[in-house]
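Morning, everyone. Please have a look at the model on the screen, and then I will go through a few parts of it.

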Amino acid sequence: MSLTHFTKLRSFALIALLGASLAPLVSCGRSRVSSSKPTSAFTSDKQLVVLDFSHSLPEAATGGGFIPPPPSATYAGLLGRLKLASDNVAAAGFFVRFGSASLSWAQTEELSRWFLELRKGERPVVCHADELGNASYWLASAACDQLWLSPAGGIEGVGIAGQSVYLKGLLDRFKVKAEFLHMGRYKSAAETFTRDTPSEASIEAMGAVLASMRDTWLAGLEAGRPGGKVAKAMEDGPWDATSAKQEGLIDYTGYESEAREALKTLTSASEFVRPGGKEEDEQAASSQLTQVLRALGGAEETLSPHVAVLPAEGGINMTSSGGLSNDGIAADQFIKTVRTLRDDEAVKAVVLRIDSPGGSALASDLMWHELMQLRKKKPLIASVGGMAASGGYYLACASQRIFSERTSIVGSIGVLGGKIMLGEALAEYGVNTYTFVASDAPGAEQRAAYLSPFTAWNDETRAKVQKQMASIYDLFLARVAEGRSLPVAAIAQVAEGRIWSGAQGKDNGLVDELGGLGDAIEFAKKEAGLPPDSPFSIETSGPTLLEMLGLEEQADEAEVLAQLGKLRAIRPAWAALLPAALATLEEPSGFLGTPYRFHLQSLSPLLTGDTHVLAFPFAFAAH
C-alpha cells in the first residue's frame with residue numbers, strides 16, 4: 001500500500017462559519033487535500049515515532065455527531081500514516097499510545113498483522129495503555145516489545161460473547177404488538193420484538209460465528225505472545241494491573257511518561273515525532289481549521305492516477321437525515337459519489353470499504369445498480385470492515401472481488417418486514433382511532449391502512465406482504481449470484497438470512513480473499529495497472545456544503561450569502577456548543593455505542609414508510 005493518500009472534504013466549512021468570523025463564502029467546490037507524496041522530515045536516527053490509537057477510527061469521514069472527523073482521521077487514513085512511519089528508515093523506534101482504545105475486530109486483525117511485520121526489524125516498539133479489552137489487547141500483544149499499563153488500569157480479558165435484547169415481555173405488558181414477517185430461517189432481526197428468547201436458528205448461527213471469531217482471536221494472541229499462557233488468561237479475567245503483570249499479560253506497570261523514558265533508554269533517542277517526522281506537539285498542516293479554510297477557497301487540484309477508497313459505514317437509507325448529522329449510508333448521496341468516481345478519469349479503481357448491517361431494500365438495490373455500472377468501467381474491489389451483512393453484503397457483492405478479515409461478519413442474505421402496532425396499547429389510555437376509507441370495496445380499509453401502526457393485518461394483507469418479501473428475497477439472491485458469478489442455487493444454500501464470520505464466508509464462497517483494507521488497495525492497484533507506490537484517495541459520500549446549507553447545487557452567490565446570514569444570526573447559540581463538540585470527536589461507546597446505533601439505522605426505514613429491510617439480525621457487539 002502506498003505511503004501517501006489524498007483526502008477530500010465536504011462539510012467542515014459549515015463549522016467554521018458557525019464558530020469563527022470568516023470572510024463570506026465565495027466558492028463551495030469540493031476540495032482534495034495532500035495531493036503530493038509526503039516526504040520524510042527525519043533529520044537523524046535519534047527520533048521516535050508516536051502512533052496514537054487512543055481515539056476511535058471511523059471508516060467514513062461522515063456522521064457521528066456535530067463535527068465529523070477529517071478523512072485523514074479515518075481508518076484508511078491511519079493505514080497511510082502507518083506506512084509512512086514504517087518507511088522512514090531513520091526512525092530509531094516506535095511509541096504506541098493505546099489509552100482506552102476501542103477498535104473493531106476487523107481493524108484489530110489487520111493492524112496486528114502489520115505490527116508483527118514491523119517487529120521483525122530491529123527497531124523496538126514500546127506501548128502504553130490505560131485499559132485494554134479483548135480486541136485491543138490482541139493488537140497490543142502483536143504490536144509491543146514492551147507493554148506498559150497504567151497502575152490503576154486493567155485488562156478486561158473475559159472471553160468473547162455477544163448479547164441480544166428481547167422486548168416481547170415489555171411490549172406485552174403495554175399491549176403493544178409486533179407483527180413481522182421474514183424470508184430465510186435465520187433472518188431473526190424481529191426476534192427482539194417477537195420473542196422472549198432466541199430461536200434455535202439464532203443460537204446455531206450466532207454460536208458458530210462466535211466460535212470462529214474465538215479461534216482467530218486465540219491464534220492472534222498466540223502469535224503475539226507465544227506459549228499459551230496469555231491466551232488462557234484472556235478468557236479468565238478481568239485483571240487489575242498488578243495481576244495482569246503476574247499473569248504475563250503485560251511487562252510493566254507505570255505511566256505514559258515512564259514508558260516513553262523506557263523507549264529513550266532502549267534507543268538512546270530523545271525526540272518524539274509524528275509519523276511524518278514533525279514534532280509531536282506541532283499543529284498538523286492538515287488540521288481541521290486548515291482544511292476548512294481550504295474548502296472555503298474551493299481549491300481543486302488535478303490528481304494523478306490513483307485508487308479511490310469509498311467508505312460505506314452504518315445503516316442504509318434512501319436519504320440522509322439532513323442538517324449537521326449525516327449518520328449512515330444515504331442512497332441519494334452515495335449514488336452521486338459513485339457516479340463521480342465512475343466518470344473521474346484520475347480514479348483508476350475503487351475500493352468499497354463496508355461496515356454496515358444493512359437497511360432499506362430499495363436503497364440497497366439502487367446503490368447495487370450504480371456500483372455495477374462503475375464495475376463495468378473500472379475495477380471495483382470490496383473490503384469488509386466489521387460487517388457486510390444483509391444490505392451491506394448486497395453492496396459488497398457488486399464488486400469483482402471481496403476481501404474480508406476472519407473476524408468480520410458477512411452474509412445475512414434475507415428479508416425482514418413488519419410493523420409495531422400501538423392501537424391496543426393506546427386504547428388502554430382512552431386513545432382510539434378510526435379509519436376513513438375512500439372506497440367501499442371489500443378489504444379497502446385493510447389495504448389503505450396496512451402501514452398504519454393502529455391497524456392489524458388480516459390474512460389477505462399478510463399474504464400480500466409475504467409475497468412482496470418473497471419477491472425481494474429472490475431479487476437479493478439473483479443480485480448476489482450475478483455479482484459473484486455463481487448459480488442462484490449455490491447462493492441459496494448459504495442464504496436463509498444466516499450470518500457467517502469472514503473465515504466461514506471464505507469457505508462458503510461469499511468472500512474471495514482473507515485480508516484487510518491495505519490488501520484490497522494493493523490488489524486494486526494491480527488490477528488498474530498502477531505502480532505499488534501510487535496514492536489513494538479517501539472519499540466521502542455525505543452532503544455537500546451547499547446541501548448542508550439547505551441549498552441546491554445551482555445556488556448563486558446571493559442565495560448562499562442569504563443563507564449564511566441566517567446562520568450567523570444564531571451563531572451565539574451554536575458557538576456555545578463548539579468547544580465540547582471539538583473536544584469529542586470519538587464514537588459513543590457502551591450500550592448506545594456504534595453497533596447499536598448502526599442497528600437502529602438499519603431498521604429506521606420501517607419508520608419512514610419503507611416496507612422491507614435487509615438488516616442484520618441483532619443489535620450485536622462481540623466483547
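Among contacts between residues at least 6 apart in sequence, what percentage join residues at least 24 apart? In this protein the figure is 78%, where contact means heavy atoms within 4.5 Å.

Some housekeeping. The model is predicted, with local features needing pLDDT of at least 70 and side-chain atom pairs counting only at pLDDT 80 or more, while totals for chains, interfaces and linings use all residues. Residues are numbered from 1 along each chain as its sequence is written, and side-chain values use heavy atoms, leaving out hydrogens and water.

The protein has 25 helices and 23 strands; these are DSSP runs numbered from the N terminus, helices being H or I of at least four residues and strands E of at least two. Of the 623 residues, 55% are buried, meaning under 20% relative accessible area with a 1.4 Å probe, protein chains only.

Now helix α20, residues 517–528. Its 12 residues reach 16 Å from first C-alpha to last, close to the 16 Å expected at 1.5 Å a residue; the expected span is 1.5 Å times one less than the number of residues. Which residues of α20 are buried? They are L517, G518, A520, I521, A524 and K525. These cover an arc of only 160° around the axis, so they sit on the same side of α20. The arc is taken from the directions from the helix axis to the C-beta atoms. An α-helix has 3.6 residues a turn, so residues three or four places apart point the same way. After α20 comes G529, with a positive phi near 75°.

Terms used: Buried means under 20% relative accessible area, exposed over 50%, partly exposed in between (1.4 Å probe, protein chains only).
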